[in-house]
Amino acid sequence: QGEGVETEVTWEDQQNINAFGRLNAKFHDLEDEIKAKKAQCWLRNQELAENLEDASNELVLSDEEVVRYQIGEVFGHLSKEEIESKLECLKEESDRELGRLAEEKDEVVSKMNELKRVLYAKFKDSINLEEE
Amino acid sequence: MAAAVASSPSPSPAERRGIPAAPFVEDVQVFLEKTASDASSALVSLQDRLQQYKVAEMKLLAQRRDLQAKIPDIKKCLDIVEALLSKKSSGEEPMTVDFELAEGIYSQARVDDGDSVCLWLGANVMLEYSYDEALLLLKKNLENANSSLEAIIEDLKFIRDQVTVTEVTIARVYNWDVHNRRKSKQQKDDP
């Protein structure tokens, strides 16, 4: 970069670079969201379960009649069936969300690759679009 | 602001919610002549601008974090009120819950069929609302929080763009300077 290359930067180039910057930021946000969502799939059922899978398993194994299900800040006493159906709903919703996030991430990555192609073609070594 | 952008294909806003946009430089030489500055003082003022943008970005990121923490809390309250409402309408016996008395210590309570809940409004104020009123209030709060969050996310995108433009301008001014010095050195060496 210290060669003082005189490649002109047009407004269109600048906009491509800006778009790349925004997409990169969005990419990292999505990765964080996906990680958080995966960790969030947990339910404090009898304060043991660590995710929805575990919770459903615990439910099946437990032979107590009343199970405590967290609503807001308290644990409500609910029947197994009620909780099973709530867990089902939660699992469906979270699968849907994760699917949506994964799709969005793929879109972002492909847009970024396209921009990389365009920008590297024009600027070659004068620009660096890789992760540190 | 250097009026160097004569024909931009898609005009971007000149400012957003009090934050000025970074002017795009079409030609470094023209830019330096227009602002009657040399490369190093231009670099100093550009770096300065960059710092200001970064400070604004930090503030917005903090606001975003706060909102992102507040929104699940509002949702939790909504959950409870909706559960109470559904229990009431289904006519089942009142719900028993375990609630935290102190850290790690829980106690049981029976939530009797009432018609109202108390909502904590902040500043040591708690108000009693009917289930329906509470639902309305909480939903409105959630809506407001979500739209504030959206606005902040847009602000962050805008700042990100201005930071990128400024960084690119700094690189170009620097490169132009290096190139210029080399050129004038060559001219001096070859009489």
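Where is the place of Ala123(B) in chain B?

Guide: Ala123(B) sits in the loop between β5 (116-122) and β6 (125-130) of chain B, where strands are DSSP runs of E of at least two residues and helices are runs of H or I of at least four, numbered from the N terminus. This is a predicted model, in which local features need pLDDT of at least 70, side-chain atom pairs count only at pLDDT 80 or more, and totals for chains, interfaces and linings use all residues. Residues are numbered from 1 along each chain as its sequence is written, chains are lettered from A and ligands numbered from 1 in the order written, and side-chain values use heavy atoms, without hydrogens or water.

The backbone of Ala123(B) deserves attention: its phi is positive, about 55°, although the residue is not a glycine. Most residues other than glycine have a negative phi. Ala123(B) is exposed, with a relative accessible area of 73% (exposed is over 50%, buried under 20%, partly exposed in between, with a 1.4 Å probe and protein chains only). Arg17(B) also has a positive phi, near 50°, and is not a glycine. Arg17(B) belongs to the loop between β1 (15-16) and β2 (19-20) of chain B, and it is exposed at 53% relative accessible area.

Leaving out residues up to four places away in sequence, Val173(B) touches Val28(B), Ala39(B), Ala42(B), Leu43(B) and Leu46(B), contact meaning heavy atoms within 4.5 Å.

In one salt bridge, the side chains of Arg22(A) and Asp161(B) meet at 2.5 Å, N to O. This pair runs from helix α1 (residues 11-40) of chain A to helix α3 of chain B. Arg22(A) is partly exposed at 32% relative accessible area, while Asp161(B) is buried at 12%.

Asp29(A) and Arg64(B) are also joined by a salt bridge, at 3.5 Å from N to O. Here helix α1 of chain A is linked to helix α2 (residues 39-90) of chain B. Asp29(A) counts as partly exposed at 32% relative accessibility, and Arg64(B) as buried at 17%.

Within helix α3 of chain B, Glu154(B) and Lys157(B) lie three residues apart, about one turn of the helix. Their salt bridge brings the closest N and O atoms to 3.3 Å. Glu154(B) is partly exposed at 37% relative accessibility, and Lys157(B) is partly exposed at 36%. Finally, Lys26(A), Glu97(A), Arg100(A) and Glu104(A) are linked in a network of salt bridges, and the structure holds 20 salt bridges over all chains.

Note on methods. Salt bridge = Lys/Arg side-chain N within 4 Å of Asp/Glu carboxyl O.
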